[in-house]
Amino acid sequence: MVYRHGDRSPIVAYPTDPNTEKDWPQGFGQLTQIGMKQHYALGQYLQNRYHGFLNASYDRYEIYVRSTNIDRTLMSAESNLAGLYPPQGQQIFHPGLKWQPIPVHTVPVGQDKILLFPLKNCSRYTKLVEETENTDEYKKTLMENKDFLDMLSKATGVPREQLSLEYAWSIYDTLFCEQLHHKTMPAWVTPSVMEHLRMLKEFHLQAIFGMYKQEEKSQLQGGLLVKQILQNIEQSLKVTPTLSPKLIMYSAHDTTIVALQMALNIYSQAPPYASCHMVELYKEDNGTFTVEMYYKNESSSAPYPLALPACSQSCPLDRFIEIVKGVIPDDWDKECGHTSNHFKIDLLLGLAGSFCLLVLIFLAVWQYCCNWSQHEGYQKVSSGIEGGKKMALM
């Protein structure tokens, strides 16, 4: 399963924002207590949903949790696990504490290629986004929203030339967080302005993950996560069930779910806090395997089923793999256009290594020559002394 972190503080303030980072208990971009409660509740829901499938108490062989290396996703995973696996019996290590430590794995932000989208260190993807911004649809939307963006620039203090759709999304996100937490709101922030910003956010998400050459974009973005999910499934079929995790949990972001659902061609709208995309593998009575997907985007509602456009909701595994193969990258670095860069890096490393080797050889020869010279000089001095001794004895 892939879920978004819970409620958080804004990532950043806009120039004229009456609220600052000090107005938030832990500063910008941090999980709030609301977010902790959201994920604790999601963990309890998952405990009930998978009752009888997962062990009632934590078993390290049954679950693997990975998060992006960002505070709010790490803390969301920990909150979720607190609801999913309250300690029982011998797992209680402190009286009255209904919590136990459960490992959450992560990798450095710069190395995360399956959860932290969009991946921007991909020249081909950058080119696709530039091409998208040159399409008639994109230009038309910018033109239709020119007056609104002009107003937004004046209201927020953001220079008009810097006010991209991505920046407008950032402003919407800040205002959304502030409204939710009853912060001071400027008079220009009306319901119609918020709805307009929300629509621009949706348009921007479509632009960076879909709209134009969606399949190729997905190969370079969400397809990496689809590939990982299929590898997880394949691994579970190869090994003894007791050696394979029953649940693999990814704690990530709204853009993670967007990239995944765009790659699967089932995206509808931006995921709210603590929304959860579930991919479940079933073994049928006849020995075949099927894949079912569910999406929980309301904390108080049951998840609703998802289906690939060309398959039933209970999709045969072989058919599922066949449908999504178009978004699975074969060689992400090569498809991003990194081959020449790798060649240059390898060449530079090779030259650097050769230079270092030559320096070492030179130093070794120089040291040898110095030692030889000192040895010869010692021999001459020694001979002279011996000769002098002989002369003296004579």
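Visitor: What span should the 19 residues of helix H7 (residues 191-209) have, and how far apart are its end C-alpha atoms?

Guide: This is a predicted model. At 1.5 Å a residue, H7 should span 27 Å. Its end C-alpha atoms are 27 Å apart, which agrees.

Visitor: Which residues of H7 are buried?

Guide: Val193, Met194, Leu197, Leu200, Lys201, Glu202, Phe203, His204, Leu205, Ala207, Ile208 and Phe209 are buried. Note that Lys201 and Glu202 are on that list.

Visitor: What covers the buried residues of H7?

Guide: The cover includes helices H3 (123-133), H4 (136-144) and H5 (146-156). It also includes H6 (165-180), H8 (214-220) and H10 (254-263).

Visitor: How are two packed helices described?

Guide: By the angle between their axes and the distance between the axes. Take H1 (residues 33-49) and H2 (residues 71-84) here. Their axes come within 6 Å and cross at roughly 40°. H1 and H2 are therefore oblique to each other. The crossing is right-handed.

Visitor: Which residues meet there, and how do they divide by class?

Guide: From H1 come Met36, His39, Tyr40, Leu42, Gly43, Gln44, Leu46 and Gln47. From H2 come Met75, Ser76, Ser79, Asn80, Ala82, Gly83 and Leu84. By class, the contact has seven nonpolar, eight polar and no charged residues.

Visitor: How many helices and strands does the chain have, and what share of its residues is buried?

Guide: The chain has 13 helices and seven strands. Of its 394 residues, 42% are buried.

Notes:
Residues numbered from 1 in each chain as written. Predicted model: local features only at pLDDT ≥ 70, side-chain atom pairs only at ≥ 80, totals over all residues. Heavy atoms only, no water. Axes fitted to C-alpha atoms, helices over the stretch in contact; angles between N-to-C directions. Helix = DSSP H or I, 4+ residues; strand = E, 2+ residues; numbered from the N terminus. Parallel < 35°, antiparallel > 145°, perpendicular 65-115°, else oblique. Left-handed = near helix turned anticlockwise from the far one by under 90°. Contact = heavy atoms within 4.5 Å. Nonpolar A, V, L, I, M, F, W, Y, C, P; charged D, E, K, R; others polar. Expected span 1.5 Å × (residues − 1). Buried < 20%, exposed > 50% of the residue type's maximum accessible area, 1.4 Å probe, protein only.
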